[in-house]
Amino acid sequence: MQRYNLPGNSIEIVIPGDYKPKQMKSAPSLPKKSPKSSPHTSPKKPLRYIASRSLFIVCGLATLGNIPVYSMISTPDATSSVLNLTEVESGSPAQVLQDLNLPAVASESFSGFAMDILPDAQQGNWKMRTLVEGDTLETALDALKLSKLAKPLLKDAAIAQELETLKPDAALLVQVVDDQLQQLIYTKGKNNAYIVSSTDNGFVGKWESDVFEIRESKIAFTVKHSIQRDGKEAGLSNSLIRQLGHVFRQDVDFKKGLRAGDKLGVIFEDYQYQGASIYTDKVLAAEYSHRETTKQRVRFTLEDGKTDYFSPNADTELKRTAFDRTPVAGGRMSSGFGMRRHPVFGFRKAHAGQDFAAPRGTPIHATADGQVKFLGRQGGYGNVVELRHINGITTLYGHMSGFKQGLGSGHSVKRGDVIGYVGSTGTSTGNHVHYEYRMNGVAQNPVSVDLPQVGIMSAKEMQQFKNHASAMIQQLTELRKVAAADAPAPKQNGG
Ligand SMILES: [Zn+2]
């Protein structure tokens, strides 16, 4: 095993033969790019573990024979770290978090959280801004407190022209060395960037592709003081810490629920430039352990495009209702299901569906996956679409002004697909959709009927998820061994 000292009193443990240490302080020349790696397939990724300084505590105690595997590690910092022991008491509650504002709604950017710089990259003098609506090069540099340094750059007409419009959610990275603006990177797409470099003849800018090498990084640590402090010391960015709070939102409240001794492991996307980790985007998988309980979550995107963090053991069996209650967004429930006076003919008659009033042309959505059983004109229903679903259920949508172009009998539709538009064709007094829900041909009240449940993942999705998750779980499990060694040591008897 090799050991490297990193800035901030953390150490990096490298599994033998796997990985060469990267230069942290100064950026080496641009390494040859390996083929762009997908975040989901990286069997030969180096196992890189960064443990927080608490490892030193463990090291100190390890020499007493507690944890032999780390007994080979000794460090000149051991004395200062041992002082930390007074702050660490097994089982005591972790400090209340400060300044950890979890967003109520996921914000922009790829992960839904603003990207930010990794603590390591601050050593390389990088600064970063996730651009917002209305940002110009000048306002963005101003926000980074670099407007003064950037004056010569802002005067460059060619660069100003290229960077005239900046895309919200893109990143602006700036490297400052010796009070000189050394490099500026504007990431327009995920791997399409405009790079400005300082040369003897002033600034030179050019567009480049595959600027960043995207890798998976792993960090494990034990909570001792606060998630922010310990997470930062272990090498996590603010964004990653916030994301962890989101990932485990159903398991623990990061603001109040964490305890000293809780362990966290995280696998995340790591953007490297010129051999150094610069910034992160999203958590790919994570693990949270409290005493004997361990929760694991793996990021996965369902076929409908929804991305979430699923528990590999539990969530694959999660059920959701197979039907939406309403076929139009924002439609007002007008005439209800059951006996009523007929709005046109005046006599009392059972109303076999539920009416939703909405402006003409409002899209009508399939309330569940199914096939088109009928599409056309049908007496009082006017323009109507009838869908066939699971469990002998059919739904019907009447009085449409028109059908979704290209939709025909026998076609498959997905829940939420537009099938037609609100109108007032057939026997109708105004623009609305007449919605029926039938079980084996018998009309049910669509508003109150018990809806069938289906698995949250299709069989195909479940297979994909399981394949992906098993690789992640294996890595998280290996990571946990490091975190376990990082745990506060139990108090010695009489000590
Ligand atoms: Zn009706």
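Me: Two strands pair if DSSP finds at least two bridges between them, where strands (E, at least two residues) and helices (H or I, at least four) are DSSP runs numbered from the N terminus. This is a predicted model, in which local features need pLDDT of at least 70 and side-chain atom pairs count only at pLDDT 80 or more, whereas totals for chains, interfaces and linings use all residues. Residues are numbered from 1 along each chain as its sequence is written, and side-chain values use heavy atoms, with hydrogens and water left out. With that settled, which residue in the turn of the β11 and β12 hairpin has a positive phi?

Reply: Strand β11 covers residues 263-273 and pairs with β12 in the antiparallel sense over 10 bridges, and I267 stands opposite A285 of β12 in this pairing. The two strands form a hairpin with two residues between them, and the turn residue with a positive phi, of about 50°, is Q274.

Me: How many bridges join β12 to strand β13?

Reply: The hairpin of β12 and β13 has two residues between the strands, and R291 in its turn has a positive phi of about 50°. In this pairing A286 stands opposite R297 of β13. The two strands, residues 276-290 and residues 293-301, run antiparallel, and the number of bridges that join them is six.

Me: Which residue in the turn between β13 and β14 has a positive phi?

Reply: Strand β14 (residues 307-310) pairs with β13 in the antiparallel sense over four bridges, and in this pairing T301 has T307 as its bridge partner in β14. The hairpin leaves five residues between the strands, and the turn residue with a positive phi, of about 90°, is G305.

Me: Which residue in β12 is the bridge partner of I117?

Reply: Strand β4 (residues 116-117) runs antiparallel to β12 and is joined to it by two bridges. β12 is mostly covered, with 14 of its 15 residues buried, a term that means under 20% relative accessible area, as against exposed at over 50% and partly exposed in between (1.4 Å probe, protein chains only). The partner of I117 in β12 is Y279.

Me: Is T187 buried or exposed?

Reply: T187 has its place in strand β7, residues 180-187, and its side chain reaches the backbone nitrogen of A171 at 2.9 Å. Residues up to four places away in sequence aside, T187 touches A170, A171, L173, N192, A193, F212 and Y279, where contact means heavy atoms within 4.5 Å. Because its relative accessible area is 6%, T187 counts as buried.

Me: Which residues are the protein donors of the zinc ion?

Reply: Donors are N, O and S atoms within 2.8 Å of the metal (3.2 Å for Na, K and Ca), and sites may look incomplete because water is not among the atoms. Along the chain the donors follow the spacing H-x3-D-x78-H, and both H351 and D355 are buried. At 2.0 to 2.8 Å from the zinc ion, the donors are H351 (NE2), D355 (OD), D355 (OD) and H434 (ND1).

Me: What is the arrangement of the four donor atoms around the zinc ion?

Reply: Four donors count as tetrahedral if all angles lie between 85 and 135 degrees; four count as square planar and six as octahedral if opposite donors are over 155 degrees apart and all others between 65 and 115; anything else is irregular. Because the angles here run from 52 to 155°, the arrangement is irregular.

Me: With which side chain does the side chain of H434 make a polar contact?

Reply: H434 lies in strand β27, residues 432-439, and counts as buried because its relative accessibility is 6%. Neighbours within four places in sequence aside, the residues in contact with H434 include H351, D355 and H399. A polar contact is a pair of N or O atoms within 3.5 Å; within protein, one must be able to donate a hydrogen and the other to accept it, and residues adjacent in sequence count only if both atoms are side-chain atoms. At 2.7 Å, the partner of the H434 side chain is the side chain of E436.
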